[in-house]
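Welcome! Have a look at it first, and then we will go through its charged pairs and its nonpolar cores.

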Amino acid sequence: MKTMSMDYLESGRTRQKQRTRDQLIAAARELITAGDTPRVEEVAEAAGISRPTAYRYFASQAELLAAAYPETGATSVLPDPPPAALDERVAAVARFVISRVQETEPQQRAMLRFSLGDVPHELPLRKGRAIAWFVEALAPMADSIGDESVHRLALALRAACGIETRVWLSDVAGLAPVEVSALQEWMVDALVQRALETPPT
């Protein structure tokens with residue numbers, strides 16, 4: 001379903017409007033990197049664009065933050081050809097997710113803060129794309145443990161790799177970024193080994 005702001009973007013002077021939209025997104029990302037969770041009017045001011053114009057592109061803070069969020073349309077993140085060994089398949093996905101979260105941590109944190117409130121479930125952080133990647137990696141287990149157990153394990157793996165776990169390990173446990181990533185990878189391996197011994201129920 002298209003939003004009003006997308007309809008505006010698609011009507012006339014497309015290139016100029018795309019540049020304006022890109023300016024707003026770039027300004028939002030700069031504010032997010034500085035630790036803010038910016039509102040539309042704050043981004044408009046930072047970009048040197050009038051508030052009414054900014055609201056024509058992004059009707060709400062949720063819409064703006066979703067646009068600034070680092071997205072990927074990838075349906076698979078396994079290498080080509082994919083590894084045959086289950087632990088190597090899962091490790092490949094985990095490394096991708098963990099490194100992407102680390103590289104885009106300010107935006108990830110901003111979306112996490114925002115997603116904890118009463119906001120639409122269409123926010124990128126709530127779409128669970130990484131779960132599908134882990135389900136694909138776990139496909140060799142499906143016949144032996146069943147689709148439901150595969151899904152439960154994929155949820156656990158996503159939880160281990162996500163920004164939520166990274167925030168706790170960084171802010172509460174006090175680990176350095178490289179230590180956080182290493183521990184997340186260890187958690188993933190431990191979950192896979194445990195599942196091979198005792199499938200999740």
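**Charged pairs and nonpolar cores**

Asp171 and Arg109 form a salt bridge, with their closest N and O atoms 2.9 Å apart. Asp171 belongs to helix H11 and Arg109 to helix H7, so this pair ties together parts that lie 62 residues apart in sequence. Please keep in mind that this is a predicted model.

**Salt bridges**

- Through shared partners, salt bridges join Glu105, Arg109, Arg166 and Asp171 into one network.
- Arg109 also forms a salt bridge with Glu105, where the closest N and O atoms are 2.9 Å apart.
- Both Arg109 and Glu105 sit in helix H7 (residues 105-115), 4 residues apart, or about one turn of the helix.
- Glu105 meets Arg166 in a further salt bridge, at 3.2 Å from N to O.
- That pair links distant parts of the chain, since Glu105 is in helix H7 and Arg166 is in helix H11, 61 residues apart.
- In the whole structure, a search finds 6 salt bridges.

- Glu105 and Arg166 are both buried.
- Arg109 counts as partly exposed because its relative accessibility is 21%.

**Nonpolar cores**

- The largest nonpolar core has 31 residues, and among those touching the most other members are Val90, Phe134 and Leu157.
- Helices that give two or more residues to this core include H6 (86-103), H10 (147-161) and H12 (177-197).
- H6 gives the most, with 8 residues.
- Val90 touches residues including Phe134, Leu138 and Val188.
- A second, separate core has 22 residues, including Ala28, Ile32, Ala62 and Met111.

Conventions
Residues numbered from 1 in each chain as written. Predicted model: local features only at pLDDT ≥ 70, side-chain atom pairs only at ≥ 80, totals over all residues. Heavy atoms only, no water. Core = buried A, V, L, I, M, F, W, Y, C linked by side-chain atoms within 4.5 Å. Buried < 20%, exposed > 50% of the residue type's maximum accessible area, 1.4 Å probe, protein only. Contact = heavy atoms within 4.5 Å. Salt bridge = Lys/Arg side-chain N within 4 Å of Asp/Glu carboxyl O. Lists of a residue's contacts leave out its neighbours within four places in sequence.
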